[in-house]
Amino acid sequence: MVITLTDTALQKLKGIEINEERSARIDADVAGGCGVSVKFSLIVDEPRRNDTVIEYEGIQIRIDRFTKRYLDEETQIDYCEEQGFLVGESFESSACAIEID
């Protein structure tokens, strides 16, 4: 898995207080019933024991197993003042699996 940050996102992350008790984490918000939508966000949260840790220019970004399975193999993080951190591409699927006997 490859995580890249734009210069803007990198500078913003360097300005946030990150330590052993607070670290940057990519989080997935999954919603839906038959169809699925996934929205990714970058939050600052306490580390979890089984996180995958990816380091980018001295910044550690954590990802839990649940979120990791929805991310693309290559994910970019950007930042803009209006929307905050933008992580990868959120997606929606209207596909349903219905089994008929």
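## Ser23 and its surroundings

Apart from residues within four places in sequence, Ser23 is in contact with Ile18, Ile43, Val44, Asp45, Pro47 and Arg62. The model described here is predicted. Ser23 belongs to strand β2. Its relative accessible area is 4%, so Ser23 counts as buried, the cut-off for that class being under 20%.

One of these contacts also involves polar atoms: the side chains of Ser23 and Arg62 are joined by a polar contact of 3.2 Å.

In soluble globular proteins, nonpolar side chains tend to be buried together. The largest nonpolar core in this model has 20 residues, and the members that touch the most others are Ile3, Leu5, Leu13, Ile26, Leu42, Ile61 and Ile77. At least two residues of this core come from each of β1 (2-5), α1 (7-14), β2 (23-31), β3 (36-45), β5 (59-63), β6 (74-80) and β7 (84-87).

Which residues does Ile26 touch, when those up to four places away in sequence are not counted? They are Ile3, Phe40, Ser41, Leu42, Ile61, Arg62, Ile63, Thr67, Leu71, Ile77 and Val87.

## A nonpolar patch on the surface

Nonpolar residues are also found on the surface, where Val30, Val36 and Phe66 form a patch. Together, these residues have about 190 Å² of accessible area.

Val36 is part of strand β3. Its relative accessibility is 30%, and Val36 is therefore classed as partly exposed.

How values were computed:
Residues numbered from 1 in each chain as written. Predicted model: local features only at pLDDT ≥ 70, side-chain atom pairs only at ≥ 80, totals over all residues. Heavy atoms only, no water. Core = buried A, V, L, I, M, F, W, Y, C linked by side-chain atoms within 4.5 Å. Buried < 20%, exposed > 50% of the residue type's maximum accessible area, 1.4 Å probe, protein only. Helix = DSSP H or I, 4+ residues; strand = E, 2+ residues; numbered from the N terminus. Contact = heavy atoms within 4.5 Å. Patch = residues over 30% accessible without salt bridge, like charges linked within 9 Å, V, L, I, M, F, W, Y side chains within 5 Å. Areas by Shrake-Rupley, 256 points an atom, 1.4 Å probe, with all protein chains shown as cover. Salt bridge = Lys/Arg side-chain N within 4 Å of Asp/Glu carboxyl O. Polar contact = N/O pair within 3.5 Å; in protein donor to acceptor, adjacent residues only side chain to side chain.
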